[in-house]
Amino acid sequence: MSVESAAPSRPAPKPSLHKPGSQSALRQLNEQRIIQALATGGPQTQAELARQTGLSTATVSNIVRGMADSGTVTTSPTTSSGRRALSVALNDNGSIAVGIDIGRRHVRVVLAGPDYRVLCEEAIPLTAGHTAEEGLDAAAELLGRLLTESGTPRSALLGAGIGIPGPIDRRTGTVVQGAILPEWVGINILETFSERLRIPVFIDNDANLGALAQVTWGPHSSVENLIFVKIGSGIGAGLILNGALYYGNVGITGELGHTTIDEHGLICRCGNRGCLETVASTATMISLLERTSHRPLTAPDIVQLALGGDTATLRVLDDAGLAIGRAIAHVANLINPELIVLGGSLTGLGDILLDPVRRGLHRHAVPVVGESTTVSMGSLGDRAEALGGVAVVLSQPSLSSS
């Protein structure tokens, strides 16, 4: 178990079904900005909050009034520069949000307070090909252990945001065909997890939660249009558009790994041929490198070999990076993002992977799009998806203000 004291630099955009830019989504985003300012800077006057958040004093006053009514903050008269003012302080009601990331070979659980400070977290391994029941059992047991070790009563839990490596139909909460965990396809995980954990549950694709974490805990708080690309056994993308997660019609977005790269290539698990995952996933990289290796390899081994200058590994990564950059370019041409962040198990590679991705982007994107788009590595490592799960819970006004 580890304890983290650093708070994020800005609140997450609201992961809801509101249209990005709608009044309800905008108000929620502004409220979260004020919460973050109070979490990181302590009690402040409304004028100070306006300066820190960039919001008008009228907007801050209106939002603070509603937050005070809901019990999220407490206000008290004070003076500032000799003038009467209203001091605003964030209430600590002892509530806790849970973030859970279930991957192909791991489960990670994070506990954090309403001020976005992480209290404790831990990850444990899972057997590849585990069933939904096995993943749920492991997550529930790990959550129970963290609650015991941190002295947190279950009654303090606001809810759990859970990331799954696969497309999820948001109408039903069901994993659909194409998931990295085919054993989970067709299962209503929203219902299953709610019944087992006995707290409000919010299910999302892990790449969406990774994107959310970048603008919550990462250094990209001011970015309104971002693509988060998670590179692992599969390749998925989370999209932040106009400051909010984008879900499309039924929630099946960001399936970057199933972009066709080679129409004569290998058959993909989705049933198509030559998808990006067949040439650039960590599973493909491992398969190629094990042909000359005398031992089984893992994603951390790829990082270690590349940093050590292994020629074959560097070639495989260069080819994969170019393919990823090409796929990203098609998305960038459509939405013109400010930033593309790479996440997953290969973030330790730095420029070894970033350079070919950038070359692929510049080669296949409209020149002005390629030149104006920044590509960087995520700073949160394998914690991003679970931290995004926490952000989902804390963005729910009905929970975070209770």
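**Helix crossing and sheet packing in a predicted model**

Mentor: In this predicted model, the axes of helix H9 (residues 299-307) and helix H10 (residues 311-335) come within 8 Å, and they cross at roughly 110°.

Trainee: Why is H9 called roughly perpendicular to H10?

Mentor: The crossing angle is roughly 110°. Angles of 65 to 115 degrees count as roughly perpendicular, so H9 is roughly perpendicular to H10. The crossing of H9 past H10 is left-handed.

Trainee: Which residues in H9 and H10 meet?

Mentor: From H9 come Ile-302, Leu-305 and Ala-306; from H10 come Thr-313, Leu-314 and Leu-317. By class, the contact has five nonpolar residues, one polar and no charged ones.

Trainee: What makes S6 and S10 the edges of their sheet?

Mentor: The open sheet has five strands in the order S6-S5-S4-S7-S10, with mixed pairing. Strand S6 (118-125) and strand S10 (201-205) each have a single partner strand, so one side of each lacks a neighbour in the sheet. Neighbouring strands are turned by 15° against each other on average, direction ignored.

Trainee: How do you know that S4 and S5 pair?

Mentor: Pairing needs at least two bridges. Strand S4 (residues 96-102) and strand S5 (residues 106-112) have six, in the antiparallel sense, so they pair. Asp-101 stands opposite Arg-108 in S5.

Trainee: Which strands does helix H4 touch?

Mentor: Helix H4 (residues 132-150) packs on the sheet and touches S4, S5, S6 and strand S7 (157-164); its direction makes about 35° with that of S5.

Note on methods:
Residues are numbered from 1 along each chain as its sequence is written. This is a predicted model: local features need pLDDT of at least 70, side-chain atom pairs count only at pLDDT 80 or more; totals for chains, interfaces and linings use all residues. Side-chain values use heavy atoms; hydrogens and water are left out. Axes are lines fitted to C-alpha atoms, for helices over the stretch in contact, and angles run from 0 to 180 degrees between N-to-C directions. Helices (H or I, at least four residues) and strands (E, at least two) are DSSP runs, numbered from the N terminus. Angles under 35 degrees count as roughly parallel, over 145 as roughly antiparallel, 65 to 115 as roughly perpendicular and the rest as oblique. A crossing is left-handed if the near helix is turned anticlockwise from the far one by less than a right angle, and right-handed if clockwise. Contact means heavy atoms within 4.5 Å. Ala, Val, Leu, Ile, Met, Phe, Trp, Tyr, Cys and Pro count as nonpolar, Asp, Glu, Lys and Arg as charged, and the others, Gly among them, as polar.
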